[in-house]
Amino acid sequence: MKTAGRAGVDRRADLAPAAALFRGLADPTRLAIAQRLAVGEARVVDLVAELALAQSTVSAHLSCLRECGLVDYRPQGRASVYFLTHRELLDVFLAAESLLAAAGDAVALCPAYRKAPELADRPRRARRADRDGTASQSTRL
């Protein structure tokens with residue numbers, strides 16, 4: 001017989017794949033790439049131009065999305081053409097847009113998910129040191 005504590009652990013384990021999916025799409029660059037691919041196939045050079053990102057950035061995020069099984073590619077001459085592997089992702093995007101429209105600014109203004117602009121570009125190690133109170137004067141802004 002399961003205990004109440006064990007049921008909670010099982011439930012969290014059941015939610016792990018969904019959490020990983022949303023974590024993968026939580027990155028603005030990966031989300032922009034996935035949304036662009038929802039419109040149609042694209043080569044890396046197309047994504048670089050359309051999203052105004054570095055080629056290495058686009059390639060790294062495509063690799064992540066590929067490892068997650070959300071995108072794949074097919075060779076076309078010397079290039080690779082990327083595409084969404086599951087059209088269901090379009091439904092996720094539509095549902096997210098609908099939810100954001102219904103929630104209004106509440107999601108964008110949520111303090112739990114909003115980064116302070118002055119900290120957003122700081123290295124993770126420096127932000128952690130600031131939080132823990134272990135930062136030296138040289139690592140603070």
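## Basis of the model

In this predicted model, local features need pLDDT of at least 70 and side-chain atom pairs count only at pLDDT 80 or more, while totals for chains, interfaces and linings use all residues. Residues are numbered from 1 along each chain as its sequence is written, and side-chain values use heavy atoms, with hydrogens and water left out.

## Salt bridges

Side chains of opposite charge can pair when their charged atoms come close. A salt bridge here is a side-chain nitrogen of Lys or Arg within 4 Å of a carboxyl oxygen of Asp or Glu.

E50 pairs with R36, with 2.4 Å between the closest N and O atoms. This pair links distant parts of the chain, 14 residues apart: E50 belongs to helix 3 (residues 44-51) and R36 to helix 2 (residues 28-39). Helices (H or I, at least four residues) and strands (E, at least two) are DSSP runs, numbered from the N terminus. R36 is buried, at 17% relative accessible area, whereas E50 is partly exposed, at 47%. Buried means under 20% relative accessible area, exposed over 50%, and partly exposed in between (1.4 Å probe, protein chains only).

A second salt bridge joins R74 and E41 at 2.5 Å, N to O. R74 lies in strand 2 (residues 71-76) and E41 in the loop between helix 2 and strand 1 (42-43), so the pair ties together parts that are 33 residues apart in sequence. Both partners are partly exposed, R74 with a relative accessible area of 32% and E41 with one of 41%.

D46 and R43 also form a salt bridge, at 2.9 Å, N to O. D46 is partly exposed at 22% relative accessibility, and R43 is partly exposed at 33%.

G104 follows helix 5 and has a positive phi, near 65°.

Helix 2 packs with helix 5 at an angle of about 115°, their axes being 10 Å apart. Axes are lines fitted to C-alpha atoms, for helices over the stretch in contact, and angles run from 0 to 180 degrees between N-to-C directions. In this packing, L31, A34, Q35 and A38 of helix 2 meet L89, L90 and F93 of helix 5, contact meaning heavy atoms within 4.5 Å. By class, the contact comprises six nonpolar residues, one polar and no charged.

Methods. Ala, Val, Leu, Ile, Met, Phe, Trp, Tyr, Cys and Pro count as nonpolar, Asp, Glu, Lys and Arg as charged, and the others, Gly among them, as polar.
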